[in-house]
Amino acid sequence: MSDLVTLAIPSKGRLKEQVDAFFAKDGIVLKQIAGARGYRAAVEGHPGIDVMLLSSSEIAASLANGDVHLGVTGEDLIREAAPELETRVALLKTLGFGFADVVVAVPASWIDVSTMADLDDICAAYAARHKKRLRIATKYTQLTRSHFASAGISDYRIVPSAGATEGAPTAGTAEAIVDITTTGATLTANGLKILDDGVILKSQANLAQSLLADWTPAQKAAAAAFLAPLGVELSE
Amino acid sequence: MPSFPTYGPDEIAALDGVAEAVLGVMGARGYTRHEPAILQPAHLFVDRSGEDIRRRTFELTDPSGQELCLRPDLTIPTCKFQVDSGAAYPARLCYHGLAFRHQPGAGQFWQAGAELLGLADRGAGDAEMMGLAAEAVRAGGVKEFSMIVGDLGLFHTLVDALDVPAQWRGRLKRHVWRTGYFETLLARMVAGETSSAQRAVDALHGLKLMELKPAIDALIDQEGEAPLGGRTREEIIERLTLQACDEAAPRLDPEVANLILAFLKVSGPCEAALEQIRSLTKPVAAKMLKPLAAMADRLHALKALDIDPERIRFVAHFGRNLEYYTGFVFEFWTRAGEVAGGGRYDTLLESLGAPRGTTAVGCAIRTERLLAARGLT
């Protein structure tokens, strides 16, 4: 194990650009390391920080497992990867971009359904009538389970979805979905509507600290020095 | 982190001894032993018990992508075997084996169990199963125990008898065992709920019954190409029709809510508790007659089993937190915790393909806990 502090940031797309801009604003410059095929970077003036470029969901999983010290990714992915958040990951700072709501959406033709309580009725009636559970397509298994449990719903089953979740009710692979949305336009285009109390999480990009990673005093000092210009302090 | 216990020669001999005694009781009463596969298709459990059970189930995927699980209970596969075999009813089946759940400590536990399937006389089935469980616990070496009994059928009858908006009856019945959530639910009903779906219902008020279907059809048509997501139009029409037949802006009468809360608080030695239920439900006494008589019969059967009525608690809100249970439930307790439990699950067999109305009552006996309870006395 090296003595470096590992910082994981998104490796591509709009989120990567926004993260670069966020650091640059406070004078922090990330430099790609030659020959590392774009998967590693260094921070000018902070030799103790080792930057790894990963996919957003890998960053969340690495934070949850303690494989990296710090990371930037969506709160939705972090909460999904770390159900017992308080013991595993500290959310240090919201970054003001990467906004997305995790929502429960049902077919718009269900004109008798607008709340989780309605959905609860439907789940029970569906199980009684069709002798099987109503299916919810999602990639957010953990968030879905805890939100449905708090709404008292258990008569359903989760169908894991890898992508294009909003198409599941039309394709007939699920009755309703839990997915992220920014404007709701994609949901509307697929004939879905968000329940009145169906917003599970209002998410955005976060700078987060893994509590399970090994932190030596030297690593803590290096991380603190790196975070200071951003106005961020490490959690204990 | 779970624990991974290995049983030594003394422990396994002791467990075998208890299992033999318990299975001996069941065998003597005509229950034949079965051993379902440990590895089961996940949907068998998820489709019947929902996500609550699934989050406690060890799931895995085989190389072809099929979702499998380690059996979280033996009741469902045992019942499925009976249905698939086409054997005659009534049927008496029993088992002793490991069940697997995500839980603190070891993710596995031993249990024996018995299923009495397709006996039309429910009262006789209840008495037989409680007697079997009591005898099995005693044969397992535990003579000192107390019991808890409950019957959510009483609550269901009460909700149907009281002046509760029809569309809310199902909600009250489903959530009665969710302490905290249930009280909030009642309070929301007393306050009167409104939502955007309620506005769809408001638009339907004043229509005659025969005008409702075309009006609802037109509302669904307004949503254009939106998918129905596995529901049929008839399901939507039925639910909205039920709601439109309730009063506009339904509310739950606070006195009805108070009666429900008082009913659910009843808990104590069985005879006094049942008397309390009788006096509380006097306004709807005629409708409560049948389920109250059934409960009195069960207590009578327990007396015949030489179980002291003072050690039997009746708890009005007691339902086992497993969703296929349909009403009457019982548990046997010792200082080592719950050692046996069971009850009725009269809809499970139909969901597995048996003819409609095929009854089921069963019990499970925690053989490891019997050993622990023996050690404490």
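1. Two residues count as in contact if their C-beta atoms, placed from the backbone, lie within 7 Å. This is a predicted model. On that criterion, the contact between the chains takes 32 residues from chain B and 35 residues from chain A.

2. On the side of chain B that touches chain A, the elements giving two or more residues are α2 (42–54), α6 (166–175), α8 (196–202), α9 (209–221) and α10 (233–245) of chain B. α2(B) gives the most, with five residues. By class, this side of chain B has 13 charged, eleven nonpolar and eight polar residues.

3. Now the sheet of chain B. The sheet is open, has nine strands and shows mixed pairing. The order is β1-β5-β6-β12-β11-β10-β7-β9-β8 (chain B). β1 (32–33) and β8 (267–269) of chain B are the edge strands, each pairing on one side only.

4. Within that sheet, β7 (residues 146–151) and β9 (residues 312–315) of chain B run parallel and are joined by three bridges. B:M147 has B:I312 as its bridge partner in β9(B).

5. Chain A is assigned domain 1 (5–98 + 205–230) and domain 2 (100–203). Their centres, taken over C-alpha atoms, are 32 Å apart. Seven residues of domain 1 of chain A are in contact with eight residues of domain 2 of chain A. On the domain 1 side, helix α3 (residues 75–81) of chain A supplies the largest share, four residues. By class, that side has four charged, two polar and one nonpolar residues.

Conventions:
Residues are numbered from 1 along each chain as its sequence is written. Chains are lettered from A and ligands numbered from 1 in the order in which they are written. This is a predicted model: local features need pLDDT of at least 70, side-chain atom pairs count only at pLDDT 80 or more; totals for chains, interfaces and linings use all residues. Two strands pair if DSSP finds at least two bridges between them. Ala, Val, Leu, Ile, Met, Phe, Trp, Tyr, Cys and Pro count as nonpolar, Asp, Glu, Lys and Arg as charged, and the others, Gly among them, as polar. Domain bounds come from an automatic or database domain assignment.
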